[in-house]
Amino acid sequence: MKKAVLVIDPLGSPDYLVRRFNDEGYAVIALKTIQNSSFNCSSYEHLPFIVINSDKNIDNDIKNLNEMMSNYNIISGFYGVEATVEYADKILSAIFPCGSNNPKTSELRFNKFEMLRALDNTAYAINQIHLAGIPVNEMVRQTVDFFNEHKKVVIKPNKYSAASFGVFTPSSELQIKDYFHKKNHLFESKACYVVQEKIQIIKEYYIDCVSHQGVHIITSMGIYHKYEDKGSFKYKSFERIDFDDNSPIAEFTFEILERLDMKNGLSHIEIAEDQKGFKLIELNPRISGVKGMMNLMAKNAYEFDQIDAYLSLLNSKPIRIDSSEKIYQKCYLLSKDLPINFQQKLKTLKCLIVNNDMVNSQNYSMTNYKLLCLLQSNNAEDISVSYTHLTLPTIYSV
């Protein structure tokens, strides 16, 4: 009987996720509970997932999954997106009681306000307010009061990935009012927001992790490079960095996983470093995004990504990370198509270029990016120059 894994709404890097599990000999069963077209739910249906459409009735879903087990040996299940963590916990705890997270603590893993509130009374806490279920004028009033108290704030959706859906830093009361009254905004006035004091970030890290029955493995770590444009945060690039499980940021990561009761599954964590230390930005309880680029970089560098780590834990196999060769990597998010002659040059140099069609909505912060360009080299200088002046080859191509 073929082995399989279950993913609830695999909207995070679905192409990378299904390809890698298939490479390892596993089928991927997708329980599709989200029907809202704004999430582009059909984005994974052309991929080799085995899709089960959910009617959001837990008994029916469990029945359908149990029937699927007559054809597949489903060894485990995990989240595919933040939006359905609460429902997924109920499904997963019923099917995999020893390999699921506690439904009573679901909010810690998808509610950005509760994530940070779990760090109250520690050095990691950030001042914040939660806006939900109130008229838009009251949202404006509370945000203005918080703004006047702290001078600099960030506003972001309280649920889902803030990186994909946008983080806004207003510089005036008028901008706050315009933000909440904006028409055709993905979240609009009926949404839940979190407003936080803006910290002065020295570095912003991403950490990819895998957990099983409380055992945690970091598979990749890197640094985001962003800039601020009219109050919105935009990505320039991100680069993978080597890490030590005993380093302060790794220890902070493990503490975050424990505080948020994330004992099982894949996670992508964003952490800021300011002058006082580390601050949690958010935990995304799924495979890392951006077309799976973080995992691809880890796989190229170590022959070990989140899929390898997950299967190693599930099958009680030793963790083998090959880090014998020093590899430097940086992924550029480009807002314009490269000149044709330069694209041909990069192909000759075996640099990875990925067309970026991640999102379609004009409200999404990632819309402006046309290309992902991954650079790899054994020489740190090769990946640090402007992409318009690249001259040396990388070691991965598609």
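**Salt bridges and nonpolar cores: a note on the model**

1. Lys63 and Glu67 are joined by a salt bridge in which the closest N and O atoms lie 2.8 Å apart, and the model in which this pair is seen is a predicted one. Both residues belong to helix α2 (residues 58-68), and because they are four residues apart there, about one helical turn separates them. Lys63 is partly exposed at a relative accessible area of 48%, and Glu67 is partly exposed at 43%.

2. In helix α5 (residues 136-150), Arg141 and Asp145 are likewise four residues apart, so that about one helical turn lies between them, and they form a salt bridge with closest N and O atoms 2.9 Å apart. Arg141 counts as partly exposed, with 42% relative accessibility, while Asp145 is partly exposed at 40%. Elsewhere, salt bridges with shared partners connect Arg20, Glu24, Lys299, Glu303, Asp305 and Asp308 in one network.

3. Another salt bridge brings together the side chains of Glu45 and Lys32, at 2.9 Å from N to O. This pair links distant parts of the chain, since Glu45 sits in the loop between β2 (27-32) and β3 (50-53), whereas Lys32 is in strand β2, 13 residues apart. Glu45 is partly exposed, at 37% relative accessible area, but Lys32 is buried, at 9%.

4. The largest nonpolar core has 47 residues, of which Leu6, Ile29, Leu65, Ile91, Ile207 and Leu280 touch the most other members. Beyond its neighbours within four places in sequence, Ile207 contacts residues including Ile218, Met221, Ile249 and His268. A second, separate core comprises 41 residues, among them Leu17, Val28, Met297 and Ala301.

Technical notes. Residues numbered from 1 in each chain as written. Predicted model: local features only at pLDDT ≥ 70, side-chain atom pairs only at ≥ 80, totals over all residues. Heavy atoms only, no water. Core = buried A, V, L, I, M, F, W, Y, C linked by side-chain atoms within 4.5 Å. Buried < 20%, exposed > 50% of the residue type's maximum accessible area, 1.4 Å probe, protein only. Contact = heavy atoms within 4.5 Å. Salt bridge = Lys/Arg side-chain N within 4 Å of Asp/Glu carboxyl O. Helix = DSSP H or I, 4+ residues; strand = E, 2+ residues; numbered from the N terminus.
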